[in-house]
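Please keep the sequence and the structure in view while going through the numbered points.

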Amino acid sequence: MNDIITNALLLILQLGVTVLMAPFIFGIIKKTKARIQNRRGPSIFQPYADLTKLLKKEVVISENASWLFSFTPYLLIASTLVIVILVPTVFAPLPFHWIGDIITVAYLLALGRFFLALAGLDTASGFGGLGSSREMSIASIVEPAMMLSIFAVAVTAGSTNLSIVVRSLSTTPASIFNPSHLLAFVALFIVTIAETGRIPVDNPETHLELTMIHEAMILEYSGRYLAFIEWASQMKMVIFLSLLANLFFPIGLATVLSPAALGVSIVAFVAKMTLLAIGIALVESTNAKLRLFRVPDLLMTAFILSLLSLILYFIVGA
Amino acid sequence: MIFIPRKRLASDSALKVAEAGKNVGFILSCLGSVAGLLLSFSIFLSGQSLHLELPQTTPLGAMAFTVDQLSAFFLGTASFLGAAISLYSLGYTSEYFHKRHVGLFIFLYNTLFLTLVALLSAANFVFFLFAWEVMSFTIYFLIVFEHDDEASRRAGFLYVVMSHVGTAILTGMILVFFVQAGSFDFAALRSNAHQITPTLKSVIFLCSFIGFGVKAGIVPLHIWLPEAHPATPSNISALMSGVIIKTGIYGIVRVSFDLLGTGPMWWGILVLAVAVVSAVLGVLYALMEHDLKRLLAYHSIENIGIILMGVGAALVFNSTGNKTVAALALIAGLYHVLNHATFKGLLFLGAGSVVRATHTRNIEELGGLAKKLPYTSFFFLIGAVAISALPPLNGFISEWLTFQALLLGFTTADLTVKLAIPVTVALLALTGALAAACFVKAYGITFLGLPRSNAADKAKESPRSMLVAMGILALGCVVLGIFPGIALSALNPLSASLLGASMTNEVSLVGPTMILSASPSTSIAPALMLALLAGFAGLPIVAGILMGGKLRTRIAKTWVCGIETLRPRMQYTATGFSKPIRLIFSSIYRARHEIEISEDVSPYFKTEIRYEVTMEHIFEEKLYKPAMRGILSVARFGRRIQTGHIQSYLAYIFIVLIILLWATG
């Protein structure tokens, strides 16, 4: 009985951290970018206000849309939440970590993307098709790069289960520093930028048809559905940042259940997230968006780096 | 081919007789399939093989059947798909009545099943080859069934040529086997295989890989496949893609694992190399295809690649002594055989339903079918999710197992393996991601948006028997996905009998729904995953109501930049959709673009733009065309002795006779 309560609490903590922190990360990125541009920028809590407003608004549905259009936002949230309970943030191993591993996470991300891309085509809008086409093309290189870079870390720990990997890495911090991990980190960082649609791959703030990718795909979404989709993509950012943080710097992560350890872990996690968010903001501020057909070169770099890191691990070992 | 005379068709009573005949034919094949399914279940449950020998023996060996676990697995796969397809055919062939000879079709259809069963249960090579050839010819007649179509006749010719090159090589293999081991009988060959020298074993392996590879459609022997699949009626396409090409896999596994007892590492490396090339090229060509059935055909090449990744990895790991990992890899490959049969069968049946309703296979002319064919589109979507390896459906499970088997390979000491495995993992991941992109295109352009042609606009849903058949296969995709333990626990003793090792050391099953992997210790629980997906989908509903009250919706027009009405032609096309991929992989596609623009008054007023893009298929250009030119020039050279005068032929006979007498004397 005690176990069930602990597990339930842990699950709520895990879900709560990601679901509630997601808009905060976006706020930090926006604020940092504004500061770099010498603006004051909106409050870091602005994304929460945006979401609340969108949740209250009515949904406009295209007359051409099928059931897929209304189904997708729910599926997207659901698949993202399943990923959330598999990717450790402040504690490892997670209560339901045995449901899936990194391959599952990658393919669950693909599941959400698959339906979102279909929803883009559903309304018969040219923009939607454009966004879907670009999103799927970029994903076709990013997804393998993501899997490979995590595999490179996973084989070190002898598991593809994220909770077990993170736990084993945090108990033997010496194994973190090896060349294969460095390559994997760079690859996963590029993947993070591409998957979360940031500059230089995509620009979340533009609605210019020449450049937009993700925004084009969800152009027809409005009101509450849009809130779900935005929220899911904010959670996706947290997922990727916690992968970066906990796979490569699992310092401070709680592996035993004690209030002290959890407290330290939460503080460490928020600090790491904030740092990474500022890092993303710096990358966004110092780079121009790449031309669409330059993007594959960058992504191929990530793919090759991640492959090299895996080969390196296979040949040299830890 | 024979037509039912039109006059007879006009009479109602004749039509009724034909209809009844058709129903009897397909219901019988459906019952036969169910019997086959029961047989294979009983063999798996009892663990005993079935042996049957017909009294009449031919000079080369007895007509003998043995259904062991390997046969039973393929037989079960074939029967499951066969039962669904037979049901589907009841409705599907009804449109043939005014055009084709349905009786002939049913005859060919059932002959195909018969030869398939004979092939999978043959106990010796003579009988096997006989069944193989009859099956090949039956398929030829089914490909050219719609013989008034030039493309079908061409596809049939290509198929016959390729198929016979394969059979010739297989015959060679069987003869080498016979000379070395002194029998055509599988059981005798199995026990005598140790007498064969390693070199000749490798020769036998290579012959079987090429000969069976033609049927399986591995790159570069695949060229018949994308032509033949779209040419046949869709129920046959489903059967070909789901089962017939798997007989190639059956042959490869039977010869290299069962009869030869595996071999050196380079066998596995060769299979892996062919597998990754097939998988990646298959999906890349599928992305460029706008003919729905050709697109699916290229995906068959891709999936054969994925299956062979498991088979190849099994050969590699077996040679390095990691027997349990080898067992896991083989099981992953075989599970993908079953899964691919299920979802690709489903997709081809869905495509058949679309073609039946719209009379076109070109997806650029389709669109909006989700509203016209609601059931077909839903089942097709399930198939699309499954083939894209998305959780929690069945395609995901077999790819997951393949990934696990490959990742276990990092303990191998050999450098070639250490290089080959990460590359295979990378390309498997790439294949999965590209397949998802391709099925967004295939489903999105075909079923979503606005209809791009009148035919698509007027489409009507298919008859119930077709829908039920698709529903069965869709359910199969879900069940095989969330309860993988059922099939895997049956495959475990099979791998034990082939490799002498089972996967239980590496992967264990917790109930039917959960798979645990030991060495990269990890697990998946697809049933719980599905439950969680359903449960979590409720959260946003609750959150939305709590924060903003009841959901309010309004139907409005799609935003088209202020233009009055949205026309179907303003939508994205399949060509446009795949353009970024075409650019990313331009070095593989070697696409040639042609743009023609007609202008009026000034360049700002364009009256017409024509855009054409053609792809160079690298193996056709660089391998088959030179080979064909070579054969033609040899033939031209040979023509010189064909004078056409009977005297010269008599002289040739005389000369040959003298040479023979001299040679033997």
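Predicted model: local features only at pLDDT ≥ 70, side-chain atom pairs only at ≥ 80, totals over all residues.

1. Where is the place of A:Pro93? A:Pro93 sits in the loop between α3 and α4 of chain A; here helices (H or I, at least four residues) and strands (E, at least two) are DSSP runs, numbered from the N terminus. The peptide bond that joins A:Ala92 to A:Pro93 is cis, with omega about 0 degrees.

2. Residues are numbered from 1 along each chain as its sequence is written, chains are lettered from A and ligands numbered from 1 in the order in which they are written, and side-chain values use heavy atoms, with hydrogens and water left out.

3. The interface comes next. In chain A, 80 residues are in contact with 85 residues of chain B, contact meaning heavy atoms within 4.5 Å. The area buried between the two chains is about 7200 Å², and carbon and sulfur atoms give 75% of it. Buried area is the accessible area (1.4 Å probe) that two parts lose on being put together, summed over both. On the side of chain A, the residues that lose the most area to chain B are A:Tyr107, A:Phe114 and A:Phe314, together 11% of what that side buries.

4. Polar contacts also cross this interface: the rule finds 27 residue pairs between chain A and chain B, both residues at pLDDT 80 or more. A polar contact is a pair of N or O atoms within 3.5 Å; within protein, one must be able to donate a hydrogen and the other to accept it, and residues adjacent in sequence count only if both atoms are side-chain atoms. Among the elements of chain A that give two or more residues to the side touching chain B are α2 (46-56), α4 (102-122) and α11 (295-316). The largest share, 17 residues, comes from α5(A).

5. One salt bridge is found across the interface of chain A and chain B. In this salt bridge B:Arg554 pairs with A:Glu58, and the closest N and O atoms are 2.7 Å apart. The term denotes a side-chain nitrogen of Lys or Arg within 4 Å of a carboxyl oxygen of Asp or Glu. B:Arg554 is also the bridge partner, in β6(B), of A:Val60. Four bridges join β1(A) to strand β6 (residues 553-556) of chain B, and these strands run parallel; two strands pair if DSSP finds at least two bridges between them.

6. Over all chains, the structure holds 20 salt bridges. One of them joins the side chains of A:Glu284 and A:Arg198 (2.9 Å, N to O). A:Glu284 lies in helix α10 (residues 259-286) of chain A and A:Arg198 in the loop between α7 (179-195) and α8 (214-217) of chain A, so the pair ties together parts that are 86 residues apart in sequence.

7. Two loops of chain B deserve a look. The peptide bond from B:Pro391 to B:Pro392 is cis, with omega near 0 degrees, and B:Pro392 is in the loop between α15 (374-387) and α16 (394-407). B:His359, although not a glycine, has a positive phi of about 60 degrees; B:His359 lies in the loop between α13 (323-358) and α14 (369-372) of chain B.
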